[in-house]
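Dear colleague,

Here is the structure I promised to hand over, followed by my notes on what was found in it. Please read the notes with the model open beside you.

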Amino acid sequence: ASMLCIIMEANVEKVKCADCIECVGEGTLGFPLGIDDIPVVEEEDLLSDDHLAKKLKEIGLSEVAQKFKEHNISGAVLDMITEEQLTTMGIDKIGDRLEVLKFIRGISEEHKRKVFNDPVHGHTEIHPLCVKIIDTPQFQRLRYLKQLGACYFVYPGAGHNRFEHCIGVCHLAGQLARTLKKRQPELDITNKDVLCVEIAGLCHDLGHGPFSHLFDGKFIPTVRPELKWKHEDASVKMFDYLIEENELRKEFERFGLTEQDITFVKEQIAGPVKKNKNEWPYQGREEKKGFLYEEPVAYKPKKII
């Protein structure tokens, strides 16, 4: 265990920026869908109503928060508000209107998705909370872990790493969840569910050691055969450490995520558990949303004789 800690710690680089670009326009999708089936990124999940009201109260605009509530102004339409509309809502003082517009510009920029130029999926839009996670040293260490382990020494072209892999999984996980949300509204998938699935996809490989699966498949069994170590368990621990070390709990709260949601993310990262017939084994989501824990099964065409 001490060897693992030393190796893990040695791979943590103090890098504080993500490979992202500011971009306008729509990102490309990672799988084939008809134009009518393209899942739209719903911006309402970027700023909860409670957080919006809290932020307005913090800058002394409690009355404005009440006006927004009366007129059903949510984070999804915040950047569409004009000074004329503020006047119509009864915000008469010019100073208050200017303060609100300044607040809107700042909060909209803060909650805007960032676009990553992915080598496989093209321009992918990443949730700002996911960007906060990406910008931590614990996630940045994935830049130095080869996705295919030692294959790089045989196939020099196999040089991609866990960093871009995890960003791609985050993107595809979000696309899958949003598509289910759109096509099957009866499943009652919420924006919080989608965000949690994205975070789980992003962080599922945080616990990998050097050379990825070679580390847990060969190295650990050789040097510590008695240790029942899985990179999924290490990923959950690293996720907890990442949140605490970088004080991200308040960032999760800003986007409406609770301790139960964090538990849900960790349960997805940890993978399937044995189900008891009489008791639902998960704490993050109730049984009716059990499908969120399941892995998609790849389609295998029948063999042609």
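A salt bridge here is a side-chain nitrogen of Lys or Arg within 4 Å of a carboxyl oxygen of Asp or Glu. Before the details, please keep in mind that this is a predicted model, in which local features need pLDDT of at least 70 and side-chain atom pairs count only at pLDDT 80 or more, while totals for chains, interfaces and linings use all residues. Residues are numbered from 1 along each chain as its sequence is written, and side-chain values use heavy atoms, with hydrogens and water left out.

Side chains of opposite charge can pair when their charged atoms come close. The structure holds 13 salt bridges, one of which joins Glu-83 to Arg-97, with the closest N and O atoms 3.2 Å apart. Because Glu-83 belongs to helix α4 (residues 83-88) and Arg-97 to helix α5 (residues 94-110), this pair ties together parts that are 14 residues apart in sequence; helices are DSSP runs of H or I with at least four residues, numbered from the N terminus. As for accessibility, buried means under 20% relative accessible area, exposed over 50%, and partly exposed in between, with a 1.4 Å probe and protein chains only. Glu-83 counts as partly exposed at 33%, whereas Arg-97 counts as buried at 10%.

A second salt bridge is formed by the side chains of Arg-162 and Asp-205, at 2.6 Å from N to O. This pair links distant parts of the chain, since Arg-162 is in helix α8 (residues 162-183) and Asp-205 is in the loop between α9 (191-203) and α10, 43 residues apart. Arg-162 is buried at 2% relative accessibility, and Asp-205 is buried at 2%.

Asp-261 and Lys-192 also meet in a salt bridge, at 3.1 Å from N to O. Asp-261 lies in helix α13 (residues 259-270) and Lys-192 in helix α9, so the pair ties together parts that are 69 residues apart in sequence. Asp-261 is buried, with a relative accessible area of 2%, while Lys-192 is partly exposed at 32%. Both residues belong to a network of salt bridges that links Lys-192, Asp-193, Asp-261, Arg-285 and Lys-289.

Turning to the aromatic residues, rings of Phe, Tyr and Trp (its six-membered ring) pair if their centres lie within 6.5 Å, and planes under 30 degrees apart count as stacked, over 60 as edge-to-face and the rest as tilted. By this rule the count comes to ten aromatic pairs. In one of them, the rings of Tyr-152 and Phe-153 have centres 6.0 Å apart and planes at 70°, so the pair is edge-to-face. Tyr-152 is partly exposed at 34% relative accessibility, and Phe-153 is exposed at 63%. Phe-215 and Trp-229 form another edge-to-face pair, 5.6 Å centre to centre with 85° between the planes. Phe-215 is buried at 3%, and Trp-229 is buried at 15%. One aromatic cluster is formed by Phe-264, Trp-280, Tyr-282 and Tyr-293.

The charged end of Lys-146 sits 4.4 Å from the centre of the Tyr-152 ring, and Arg-143 lies over the face of Phe-163, at 4.1 Å from the ring centre.

Terms used:
A charge sits over a ring if NZ of Lys or CZ of Arg is within 6 Å of the ring centre and within 35 degrees of the ring normal. Helices (H or I, at least four residues) and strands (E, at least two) are DSSP runs, numbered from the N terminus.
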